[in-house]
Structure formats: structure tokens, C-alpha cells
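Dear colleague,

I am handing over a structure that you have not worked with before. Please look through it first, and then read the notes below.

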Amino acid sequence: METQIQLPCHLQQWAGRGRLVQLYPKSSGGFALAACPTVKSDRLLAPHAPMRRSGFTLIELLVVIAILGIAAAAVALSVSRSDARLLQEETARLGALFRIAQDEARITGRALVWEADLEGYRFRPLDEEAARDWNDEILRPRTWPFAVLGIEGGRIVFGREPMLDPATLRIATAEREVRLALDAFGTLRPSE
């Protein structure tokens, strides 16, 4: 009577170059190796070898979706530079510059004036003599980043006093008109 013995995985690989082998004892002593012709799957041959994957993992899909979302947002932000968006950005810039001008006037004790026209705006000392040699990089003259059709309230004075005189500013472009209110604390906000 012959006994069939299956070899462990590492011996299967060695004995049959990846094929399942069986060990048969000989009647004369010793053993004989024979390949199993019925086993054809690589997974059955080496169960410890990594399985082949088909498709993507959930993490891979989420990473790709996140990258696509970031790329789409970057494209959407960089493509549309409408007057309305530029006006909103310029309003935020003006608010910051107004706060800087108010601080500068308080610290130096010299009143500053903001003047605007259809081309752009600038800050300068209220005193004409001091304005000749005044040069400030932050409060430098600037041009509007869009075409301005009309402006009202284009002159605001920033004095040494901690409280400002409230002012209203109206800027009109081809697409939109915005009204801004400067309160006594120097905060610039859109108004109705």
C-alpha cells in the first residue's frame, strides 16, 4: 500500500518549480517525488505569496478624488477674475490700508489724507510741505485693478485722534457698484 504525503509550501516550490508535488514511499526503501497534474492555480501552489489584485483600494480612490478636488478648486479660483471679485479684494485691501494710515497718523502725530479718482488712489500727509518728501512703501499710490466709472467720497482724513469722522465711499464699475462705510474706529464695511 502506497502512502501519499504533501510537502510543505517551501518544499513544494523547491521540488516542483512552483508545482505541487507528492512524496511516495518506495517498496524498496526511500521515497519518490511525483508532480500533481491536477493543480493549476498559482495561489494554491504558494499560499504565502502575495495575491494578485484587481482594482483599487478605497484609500487610493480617496487620494485621487482629493487631488482632483484640489486641482479643480485651483483652476476655478484662477480662471474667473471678474470685476465683482476684484472689487471685493480691493475693498479688503482698502480696509487694511485705512487701518495702517490711521495708526501711522496716531504714531507720527501727522494727519494723512486718502484721495481717490477714476485712475487710482494715494495717501499723503495733509500738510503740503511734508507731502513733498514723504515716501511710504505701504501707503504708496496705487491704480485700480479694474475700470472705475464713478467714485464718491474720494477724500478721507486720518488724524491724530483715536476716533475718525465716519465716511461713506461709493465705487462704481461696469459690472457692479459698491458702497463702503468707514466707521469711527477705522473699520471699512460694505453698506446698503
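How many salt bridges does a search of the whole structure find? The search finds nine of them, where a salt bridge is a side-chain nitrogen of Lys or Arg within 4 Å of a carboxyl oxygen of Asp or Glu.

Before the details, please note that this is a predicted model, in which local features need pLDDT of at least 70 and side-chain atom pairs count only at pLDDT 80 or more, while totals for chains, interfaces and linings use all residues. Residues are numbered from 1 along each chain as its sequence is written, and side-chain values use heavy atoms, with hydrogens and water left out.

The overall picture

The protein chain has five helices and eleven strands, these being DSSP runs numbered from the N terminus (H or I with at least four residues for helices, E with at least two for strands). Of its 192 residues, 30% count as buried; buried means under 20% relative accessible area, exposed means over 50%, and partly exposed lies in between (1.4 Å probe, protein chains only). The protein chain exposes about 13300 Å², of which carbon and sulfur atoms supply 57%, the areas coming from the Shrake-Rupley method with a 1.4 Å probe and, for residues, with only the protein chains shown counting as cover. Among contacts in the protein chain with a separation of 6 or more, 46% are between residues 24 or more positions apart, a contact being heavy atoms within 4.5 Å.

The salt bridges

E115, R122, R124, E128 and R155 are linked in a network of salt bridges. R122 is partly exposed, with a relative accessible area of 37%, whereas R124 counts as buried at 8%. A further salt bridge joins E177 to R170, with the closest N and O atoms 3.1 Å apart; here E177 is partly exposed at 42% relative accessibility, while R170 is buried at 13%.

A residue in helix α4

Q102 lies in helix α4, which covers residues 83–108, and Q102 counts as buried because its relative accessibility is 2%. Leaving aside neighbours within four places in sequence, Q102 is in contact with F158, E161, P162, L164, A184, F185 and G186.

With kind regards
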